[in-house]
Structure formats: C-alpha cells, structure tokens
Amino acid sequence: MEKYDLIIIGGGPGGYEAALEASKKHGMKVALVENRELGGTCLNRGCIPTKTLLHSAEMLYELKAQGETIGLRDFGSVSCDMAALNQRKNDVVTQLVTGIGSLMKAGKIAVYKGTGTIIDKGLVRVSLSDGGTEDLEAENIMIATGSVPAVPPIPGADSPKVITSDELLDLDHPVDELIIIGGGVIGCEFASVFSALGTRVTIIEALPSIIANLDKELGRSLSMIFKKSRGIDIHTGAMVTSIREEGEKVICCYTEKGNECEIPGDLILMSVGRRANTEGLFSEESSDAVKAMETDRGKIIVNERYETSVPGIYAIGDVIGGIQLAHVATAEGRCAVAFMNGADAPVDVDCVPSCIYTSPEIASVGISADEAKEKGLEVVSKKYPMSANGKTVLSLQERGFIKVIADKETGKVLGAQMMCARATDMISQFAQAIVNGLTLDDMSRVIYPHPTFSEGIGEAVR
Ligand code: FAD
Ligand code: NAI
C-alpha cells in the first residue's frame with residue numbers, strides 16, 4: 001500500500017493549493033484524489049467560466065450601448081454567437097486546468113483520478129475512474145470536496161426547464177426569457193451576462209433586497225442600475241410557491257406582498273445557495289469513528305485548526321460552509337497544512353474580500369458602517385462618489401462610490417465597500433490596510449497615479 005504524509009480528497013482551489021503548499025513549503029509527500037477535473041468548481045463550473053462569459057457579454061453590451069457615444073460607428077449588426085462564446089469559455093478552462101496538472105507534476109504530487117472514501121483514520125480507498133480500487137495510507141487526511149448547487153423542494157423544481165449554474169454554463173442557444181430564483185451572487189452575475197446578451201431577465205428574491213448579505217447601499221444601487229440600464233425585472237420579498245410547464249414555457253408562481261403572481265419564462269435558474277458535497281466520502285466500510293464525524297446539515301464541523309472531530313482528519317473550503325469563496329478555500333487549506341506541521345497560520349483568514357463581477361463591479365471587505373453601529377463601535381465613515389473620477393467619466397462607467405470605515409480614535413481602517421469599475425482589483429488595497437493595521441493617514445500618504453480608478457481610493461481616505 002502506498003504511504004503518504006498527506007492525502008487530500010478534492011482538487012479544487014482548496015485542495016490543489018494545499019497540495020502545493022504541503023509539498024513545496026513543508027516537504028510532505030502528498031497524494032491528491034479528484035473524481036472530476038482538477039481545478040474543481042472554481043475552474044470548471046464557477047469563477048473562471050462565469051467571468052469568461054461575463055467578459056464577452058459586457059464587451060457586447062458596451063459596444064451596443066456606448067459605441068456611438070464614444071465615436072465608434074456601425075455596431076448595429078454586432079451579435080453573439082453562443083457556440084463560439086462557449087468554445088472560448090471551454091478553451092480558457094482547458095488552458096487553466098492543464099496548467100494545474102503541470103503544477104502538480106512539478107510539485108511531485110501524486111494525482112489519483114477517482115473517488116476517495118475515508119475508511120479510517122489514515123486510510124483512504126480510491127475507486128479509480130478507470131476501474132478498480134487502490135488503498136492509500138497517510139498520517140493526515142484533508143477533506144476538500146467542495147459544494148454543489150442546492151435545489152429546494154419547490155413543487156415542479158424537478159422540471160428540465162429548471163436548471164442550476166452548472167447547466168446554464170453549458171447552454172448552447174440564446175434564451176428569450178430567463179427567470180432567476182435567488183438574487184444572490186450567482187443570480188446577479190448571470191443576470192448581468194444574460195441581460196447583456198439581450199435576454200429578458202427577471203429576478204425573484206425572498207429577502208427585501210438583492211445581494212442582501214452586503215452593505216445595504218450596494219444592493220439598492222445595483223438594483224437601480226439593473227432596472228434602469230439593463231431592464232431587469234426584480235421582485236424582492238417574493239417567495240416562489242410552485243413551478244409548472246405550459247407548452248414551451250415554464251411558469252414560476254410566487255407570492256409578493258400577499259399577492260399570488262405568475263411569470264412565464266423559457267428557463268429558470270435556481271441559484272439559492274450551495275450545499276456541502278460529501279457524496280462518496282463515507283461508506284458502509286468506514287469505521288464507526290469516521291461514520292460519527294460531526295456534521296451540521298451536511299457541512300463538516302472543524303475546530304480552529306480545521307481538524308474534524310476525528311483527529312488527523314482535516315476539512316477546508318466549501319465543504320465546511322462559512323464563506324464559500326475560492327480564495328477562502330485556498331487560505332484555509334494553506335492554514336490547515338501549516339497547523340498539521342506545527343507552524344503558524346500563513347494567512348489572516350478573518351479578513352476576506354468579497355467580489356461580485358456585475359457591471360459596475362462590487363467589492364467589500366471588513367465591516368460596513370451599519371455593522372459598526374450594531375457592534376457599538378465609534379467609527380468615521382467616508383464616501384467618494386466616482387462620478388467625480390476622471391477615468392470613470394471618460395470610460396462612461398455607471399455611477400458608483402467608494403466607502404471606507406475607520407476607527408474614530410486611531411484612524412485604523414476597519415472596512416470598505418466599493419461599487420465601480422475595477423472594484424474587484426482595487427479592494428485588495430483596503431484588505432492590505434486592514435490586515436496590516438494601516439490608518440487613513442497611512443493610505444493617503446501614497447501617490448495614486450492619474451488618471452486611474454484607484455485615485456478614487458486616495459480621495460476616499462483623505
Ligand atoms: P471545489 O472547487 O468544489 O472542489 C472540490 C473538488 O472535489 C471537485 O472537483 C469535486 O469533483 C471533488 N470531489 C468531491 N468529492 C470527491 C471525492 N469523494 N473524491 C474525489 N474528489 C471529490 N468564488 C470566488 O472566490 N470567486 C468567484 O468569482 C466565484 N464564482 C463562482 C461562480 C459560480 C457559478 C459558482 C458555482 C461558484 C463560484 N465561486 C466563486 C465559488 C468557488 O467556486 C468555490 O468557493 C470554490 O471552488 C470552493 O473550492 P473547494 O476547493 O472548497 O471546492
Ligand atoms: P447566495 O447565498 O449568494 O444567494 C442565494 C440567494 O437566494 C439569497 O439572497 C437568498 O435569500 C435567496 N433565496 C433562497 N431561497 C430562496 C427562495 N426559495 N426563493 C427566492 N430566493 C431565495 O447563493 P448563490 O448565489 O447560489 O451562490 C452560492 C455561493 O457561490 C455564494 O455564497 C458565493 O460564495 C459563491 N459565489 C461567489 C461568486 C463571487 O465571488 N463573485 C460568484 C458566484 C458564486
């Protein structure tokens with residue numbers, strides 16, 4: 001039986017980055033077990049394919065909506081070729097997945113293609129994709145099996161016209177009318193893509209606002225831009241009660257402000273969150289200790305060292321719930337590897353930038369003014385409207401803003417919320433400030449080049 005220092009089950013951004021960290025930084029002998037493609041959800045069904053589609057869709061939208069204004073002509077006939085769009089997306093994914101394969105080779109990581117089942121502490125059985133099984137032994141096991149889309153038990157939700165982000169990413173034909181159930185991150189990003197491609201989009205969200213877990217002003221502003229510039233129909237405080245097919249159409253029935261409503265569409269995207277993926281991870285052959293591993297509604301429970309209730313078995317990323325982001329999975333994996341080697345955490349996992357790739361982009365880190373108030377913190381809150389930023393004006397961006405929250409006494413930066421072009425790149429400056437205890441004065445001592453969007457940061461912190 002092959003022996004390792006660490007067996008990682010799941011080759012997404014949590015698992016494959018942890019494998020590299022363990023091998024390169026800590027000299028561990030590592031096996032990585034993956035039953036689909038390296039790169040996991042992020043590369044194959046998440047971050048990368050969605051942003052590739054968004055890139056093309058936004059370019060189309062900008063040419064059509066703004067081409068004439070910026071002095072370009074004859075864009076009347078510009079259109080989208082769905083097959084070519086998909087091919088481009090698949091090419092990008094293939095290039096990056098191949099790159100991870102090369103990284104695994106260079107890092108001397110043994111990659112097993114198959115499903116990993118934990119039999120006992122230190123023992124994983126791999127059901128190999130091309131047949132047979134192989135048992136692997138290691139002192140440490142890391143579960144990095146990620147998540148899959150959640151589909152609530154709404155009557156009719158099993159219709160083939162009700163799909164998740166997995167299927168929508170492979171759509172090979174245009175859609176006239178798309179209904180999106182759930183106005184969270186996935187719902188809003190796909191609303192951006194499809195509205196830019198000319199689809200009539202309706203969002204049905206149960207909470208009073210879209211992207212409700214972020215600062216209220218972000219949700220309000222995005223909602224306004226979606227409605228006014230993109231023609232997206234948004235129903236908040238709306239509960240879907242049932243779905244039915246009628247001819248070629250699918251009908252979504254929901255209640256809003258006490259009224260029963262119906263809306264027809266060609267497809268329904270179900271984007272109401274994701275659940276931990278533990279399929280195939282345990283079996284009848286698993287020991288009693290492994291079968292008794294503590295979970296909470298499917299999520300694997302871990303302590304502050306990312307160790308599960310079974311010593312020597314760690315879990316990180318989407319499968320433990322919390323904030324389900326690629327960079328969080330990576331950071332947790334790197335920390336877990338450090339902890340199993342008696343080292344300190346190499347990353348501050350308490351400061352997580354969160355980004356939404358709508359147009360304009362949205363990004364947030366640390367606390368908002370509302371959260372500061374709830375916590376009884378004395379803070380100063382500054383806001384800079386990007387309508388006064390030269391780069392924003394010359395590139396015809398939507399109205400946006402940068403807000404920064406700092407401790408009133410010390411001036412230390414505690415949080416920032418941004419809605420503007422390149423917000424997803426620029427938020428790292430605020431994350432740097434928070435993790436390293438920088439003040440507003442520290443941030444304003446920097447020269448911000450002109451003309452850039454980042455000048456807005458300089459203005460906001462001054
Ligand atoms: P995953 O990436 O899900 O990888 C887990 C891997 O384990 C999978 O490949 C799976 O096949 C494999 N596996 C599962 N069980 C077994 C088993 N028993 N044996 C062997 N292999 C197994 N996050 C961002 O930060 N930015 C974004 O822009 C972003 N966009 C997204 C867009 C969409 C549409 C979606 C769905 C998600 C997006 N996310 C984004 C979230 C991000 O993809 C996840 O947070 C991230 O992939 C989680 O990483 P992970 O390593 O925990 O799990
Ligand atoms: P989400 O949690 O962001 O949003 C789900 C939304 O659905 C919530 O607003 C919720 O109130 C609503 N909802 C739940 N049940 C409902 C119902 N029955 N009817 C109407 N609305 C309902 O989850 P989402 O959008 O599925 O994304 C999953 C995860 O993927 C996110 O948590 C995020 O971490 C990750 N992701 C990250 C991206 C990024 O970083 N840019 C992009 C896409 C996904």
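Thr164 is buried, with a relative accessible area of 9%. Buried here means under 20% relative accessible area, while exposed means over 50% and partly exposed lies in between (1.4 Å probe, protein chains only). Thr164 is found in the loop between β7 and α5 (165-168). Helices (H or I, at least four residues) and strands (E, at least two) are DSSP runs, numbered from the N terminus. Leaving aside neighbours within four places in sequence, Thr164 is in contact with Pro149, Val151, Leu269 and Met270. Contact means heavy atoms within 4.5 Å.

This is a predicted model: local features need pLDDT of at least 70, side-chain atom pairs count only at pLDDT 80 or more, and totals for chains, interfaces and linings use all residues. Residues are numbered from 1 along each chain as its sequence is written, chains are lettered from A and ligands numbered from 1 in the order in which they are written, and side-chain values use heavy atoms, with hydrogens and water left out.

**The parallel sheet**

Strand β7 belongs to an open sheet of 5 strands. The order is β7-β14-β8-β9-β10, and the pairing is parallel. Two strands pair if DSSP finds at least two bridges between them. β7 (162-163) and β10 (233-235) stand at the edges. Each has a single partner strand, so one side of each is left without a neighbour in the sheet.

Look inside this sheet at strand β8 (residues 177-181) and strand β14 (residues 267-270). They run parallel and are joined by 4 bridges. Ile180 stands opposite Leu269 in β14. Leu269 is also one of the contacts of Thr164.

**The antiparallel sheet**

Strands of a sheet pair through backbone hydrogen bonds, either parallel or antiparallel. Another open sheet has 3 strands, in the order β11-β12-β13, with antiparallel pairing. Its edges are β11 and β13. Each has a single partner strand, so one side of each is left without a neighbour in the sheet. The twist averages 25 degrees from one strand to the next. Angles run from 0 to 180 degrees between N-to-C directions, and axes are lines fitted to C-alpha atoms, for helices over the stretch in contact.

How much of strand β12 (residues 249-256) is buried? The strand is mostly covered, with 6 of its 8 residues buried.

Strand β11 (residues 238-246) and β12 run antiparallel, joined by 8 bridges. Some bridge partners are listed here.

| Residue | Bridge partner | Strand of the partner |
|---|---|---|
| Val240 | Tyr254 | β12 |
| Ile243 | Cys252 | β12 |
| Thr255 | Glu260 | β13 |

Now the turns. The hairpin of β11 and β12 has 2 residues between the strands, and Gly247 takes a positive phi near 60 degrees. The hairpin of β12 and β13 has 2 residues between them, and Lys257 in the turn has a positive phi of about 50 degrees.

**Helix α3 and its partners**

Helix α3 (residues 47-66) meets helix α6 (residues 185-196). Their axes come within 8 Å and cross at roughly 40 degrees. That makes α3 oblique to α6. Angles under 35 degrees count as roughly parallel, over 145 as roughly antiparallel, 65 to 115 as roughly perpendicular and the rest as oblique. The crossing of α3 past α6 is left-handed. Left-handed means that the near helix is turned anticlockwise from the far one by less than a right angle, and right-handed means clockwise.

From α3, the contact is made by Thr50, Lys51, Leu53, Leu54, Ala57, Glu58, Leu60 and Tyr61. From α6 come Glu189, Phe190, Ser192, Val193 and Ala196. These residues divide into 8 nonpolar, 2 polar and 3 charged. Ala, Val, Leu, Ile, Met, Phe, Trp, Tyr, Cys and Pro count as nonpolar, Asp, Glu, Lys and Arg as charged, and the others, Gly among them, as polar.

α3 also packs with helix α4 (residues 82-106), at an angle of about 140 degrees and with the axes 9 Å apart. These two helices are therefore oblique to each other. Here α3 passes α4 in a right-handed crossing. Ile48, Pro49, Thr52, Leu53 and Ser56 in α3 meet Leu85, Arg88, Lys89, Val92, Val93 and Leu96 in α4.

Leaving aside neighbours within four places in sequence, Thr52 is in contact with Arg88, Lys89 and Val92.
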